[in-house]
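The exercises below are meant to be worked with the coordinates open beside the text.

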Amino acid sequence: MEETQKELNRLRNVVDCLEMLSGLYGKAVDLEEALSKILERLSQVANCLYGQAWLFDEYANSFLLEAVFLPDRLVSSSRSPQEKNNDTSLKIAPNGLVYDRFFRNQNNATIEWNVSFSQTFSVPSPLAARIGSILNIPIIDGGEIIGTFLLFLETGSELKEEFAEQLSCVTRHWGGLISEKRLRRSLQESEGRMRKVLENMPILFMAVDSSFRLVSWNHECERVMGYSEKEVLGREDFLQEKLLRGPNSGPSMKMDSKIFDSDFKNWELELIAKDGKTKTIFLSNLSSEFPLPGWEKWFVGVDITHTKEIERELKGSLKELSDFQTALNAVSIVAFTDRAGTIIYVNQNFCNISGYSRDELLGQNHRIINSGYHSKEFFKDLWKTISKGKIWKGEIKNKAKDGRFYWVDTTISPILDENGKPYQYLAIRNDITERKETEEKARHAENNLKTLQDRMSPHFLFNTLSIIHSYLQTNPELADSAILMLADNYRFLTDQAVKQLVPFDVEWEFMENYLQLLKLRFSDFIDVKVEKIGNFSKCQLPPLTLQPIVENSYLHGLRNKKGKGTISVHAFIEGTKTHIVIRDDGVGIKSDAIHSRTLTNISDRLKFYLYESEVKIENHPEGGAVVTVTFDKPNNEKLSDSIGK
């Protein structure tokens with residue numbers, strides 16, 4: 001009879017435990033509630049003073065106190081509710097005697113009653129003095145101890161041996177139950193964290209249910225659209241009536257949920273904000289690829305309203321710039337260079353006037369069209385100006401691919417970086433060749449007229465004729481020769497001086513005749529040395545280049561010298577260049593002003609008509625002055641062809 005009663009009690013306890021466990025399965029009961037109910041049931045059966053539930057946490061690498069149980073009869077006398085809540089912050093690290101004995105001893109895979117007690121478990125102080133032993137009930141899942149229930153018994157209490165036997169048939173179910181609850185809690189925590197992230201991330205996030213009612217509306221949606229979460233969640237047809245309506249009428253489109261059946265990325269959708277303004281949203285639907293629990297469809301979006309406004313303004317600016325560029329290209333020569341002067345863009349006008357193709361120009365610098373007309377100092381000043389970020393304006397003479405020279409009115413504007421330093425240069429040029437040629441022709445005509453007037457002045461003519469007359473009686477042959485030289489010179493002034501270029505030998509003969517006539521007049525004061533080395537048949541130069549220089553040598557060099565002086569003229573060819581050196585042994589250069597007009601006129605004409613020309617005057621170390629004239633072949637083949645016609 002006694003054995004039968006024991007069996008009935010055992011079965012009753014087992015049935016009670018199984019009934020309790022069956023009620024703990026399912027989503028309705030969370031981990032904390034399941035642990036508390038199991039702990040409460042165990043504590044009641046064991047009639048203990050206090051109970052704790054510990055679970056191992058892999059991230060903390062410790063056993064954490066998850067739940068406690070204190071019988072109602074002891075609550076008021078043992079602790080305050082605040083003390084009870086603080087219990088669950090305890091943890092047992094994987095070291096020490098307590099850990100080895102109660103939490104990780106593989107021999108404790110079965111229920112064990114320990115008659116020792118340690119304050120390590122933080123039992124409420126009023127109960128600690130009454131506790132004499134601990135019942136350790138391990139929680140096992142997959143052969144591993146994942147936690148333990150600790151039941152604290154009063155001193156003198158004894159457990160019946162059959163208690164452990166009665167529980168052994170149900171304890172094997174606790175591990176699976178608790179692991180399932182724990183996993184569910186972890187998922188809920190992850191979902192909660194994810195929802196928190198979605199709620200606060202700086203992009204729009206919204207979700208709808210199967211009826212297309214909004215069920216999620218994050219802070220960015222509130223900021224961009226102006227509607228609070230309370231105003232939108234659960235409202236019927238909110239998307240249709242509010243967000244998708246036209247600004248001056250009813251709904252702008254009929255919402256068909258079928259368009260959202262498949263995922264899409266970066267739709268440009270115009271939504272109406274609470275203040276009536278249109279917002280352009282880059283919207284993506286990734287619901288099928290990444291389903292989220294509780295949301296039928298969910299969308300992420302970025303407010304690109306400001307970007308679209310900038311884009312529209314940029315398009316307008318680009319249109320204006322394009323119109324300006326079209327107008328500029330129609331009339332001007334345009335080029336861009338980098339900071340080193342390398343050409344990175346040219347328009348068609350640049351190609352047309354220079355004769356180079358775009359491919360020939362890109363990657364080059366502007367030396368490719370350098371005419372040699374301007375000095376190195378001219379370009380140094382240009383670069384000094386633009387490298388400081390300043391605009392340079394001026395007229396430049398360039399050389400085309402075919403050797404033709406052309407003039408351009410130039411404006412170079414630096415393009416500055418964020419530090420105010422030039423990183424590119426824009427050059428805008430306009431062809432002024434026709435104007436410059438007209439100016440040069442007018443200046444040439446004026447110079448020719450002035451020269452003709454000077455050379456045919458009565459004073460020069462009468463003095464020369466007077467000298468010739470004096471020789472008619474004493475030296476008729478010399479008089480005849482002088483008359484012929486005078487006639488040749490005046491024939492040169494009428495026939496050759498109006499041309500742009502004349503053969504070198506013609507200009508040389510005119511200069512020689514002048515010197516001989518000058519020597520004839522001042523034979524007691526002037527000696528003349530003339531030397532020409534080389535073949536000058538292909539050489540040409542502007543008329544009235546040499547004679548004015550030798551005349552200056554007499555007027556400003558020998559006329560004021562005491563005693564006899566010498567004028568020497570030496571010409572020679574070196575490569576493609578012609579060199580002429582005119583020297584006097586007179587008083588030397590006293591002032592640049594007395595030479596400036598004549599020499600400047602000659603220098604300008606040489607630069608205009610000939611390559612790499614130079615006119616230089618300086619005092620000679622042995623006394624007097626020396627003028628050096630250097631020039632290359634004509635810069636225009638048409639001029640060369642016209643010689644002698």
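Helices and strands are taken here as DSSP runs, at least four residues long for a helix and at least two for a strand, and they are numbered from the N terminus. The model is a predicted one.

**Exercise 1. Overall content and confidence**

Task: State how many helices and strands there are in the protein, and decide where the pLDDT is under 50.

Solution. Counting the runs gives 21 helices and 23 strands. Of the 645 residues in the protein, 40% are buried. Turning to contacts between residues at least 6 apart in sequence, 58% of them join residues at least 24 apart.

The mean pLDDT is 79, and 78% of the residues reach 70 or more. Residues 79–88 stay under 50, and for this stretch the model has 14 contacts beyond four places in sequence. Residues 249–255 are also below 50, with 15 contacts in the model beyond near neighbours in sequence. Where pLDDT is low, the predicted coordinates should not be read in detail.

**Exercise 2. The largest nonpolar core**

Task: Identify which residues touch the most other members of the largest nonpolar core, and which element supplies the largest share of this core.

Solution. The core has 36 residues, of which Phe504, Val569, Ile580, Val629 and Phe631 touch the most other members. Helix 18 (504–521), strand 18 (526–533), helix 19, strand 20 (565–574), strand 21 (577–584), helix 20 (593–609) and strand 23 (625–631) each supply at least two residues. The largest share, six residues, comes from helix 18.

The surroundings of Val569 can then be followed in sequence order: leaving aside residues up to four places away, its contacts include Trp508, Met511 and Leu515, then Lys529, Val530 and Glu531, then Val550, and finally Ile580, Val581 and Ile582.

**Exercise 3. Aromatic pairs**

Task: Decide whether the pair formed by Trp383 and Tyr425 is stacked or edge-to-face, and do likewise for Phe504 and Phe536.

Solution. The structure holds 14 aromatic pairs. For Trp383 and Tyr425, the ring centres are 5.5 Å apart and the planes stand at 85°, so the pair is edge-to-face. Trp383 lies in helix 14 (residues 376–387) and Tyr425 in strand 16 (residues 422–431), so the pair ties together parts that are 42 residues apart in sequence. Trp383 is partly exposed, with a relative accessible area of 34%, whereas Tyr425 is buried at 5%.

Phe504 and Phe536, by contrast, are stacked, at 4.4 Å centre to centre and with 15° between the planes. Phe504 lies in helix 18 and Phe536 in the loop between strand 18 and strand 19 (540–541), so this pair joins parts 32 residues apart in sequence. Phe504 counts as buried at 0% relative accessibility, as does Phe536 at 2%.

**Exercise 4. Charges over rings**

Task: Find which ring Lys436 lies over and which ring the charged end of Lys607 sits over.

Solution. Lys436 lies over the face of Trp407, at 4.2 Å from the ring centre. The charged end of Lys607 sits over the ring of Tyr373, 5.5 Å from its centre.

Trp407 is also one of the residues touched by Asn430, together with Val331, Ser332, Val408 and Asp409, when residues up to four places away in sequence are not counted. Asn430 is placed in strand 16 and, at 31% relative accessibility, counts as partly exposed.

Technical notes:
Residues numbered from 1 in each chain as written. Predicted model: local features only at pLDDT ≥ 70, side-chain atom pairs only at ≥ 80, totals over all residues. Heavy atoms only, no water. Core = buried A, V, L, I, M, F, W, Y, C linked by side-chain atoms within 4.5 Å. Buried < 20%, exposed > 50% of the residue type's maximum accessible area, 1.4 Å probe, protein only. Contact = heavy atoms within 4.5 Å. Phe/Tyr/Trp six-rings, centres within 6.5 Å; stacked < 30°, edge-to-face > 60°. Lys NZ or Arg CZ within 6 Å of the ring centre and 35° of its normal. pLDDT = per-residue confidence, 0-100.
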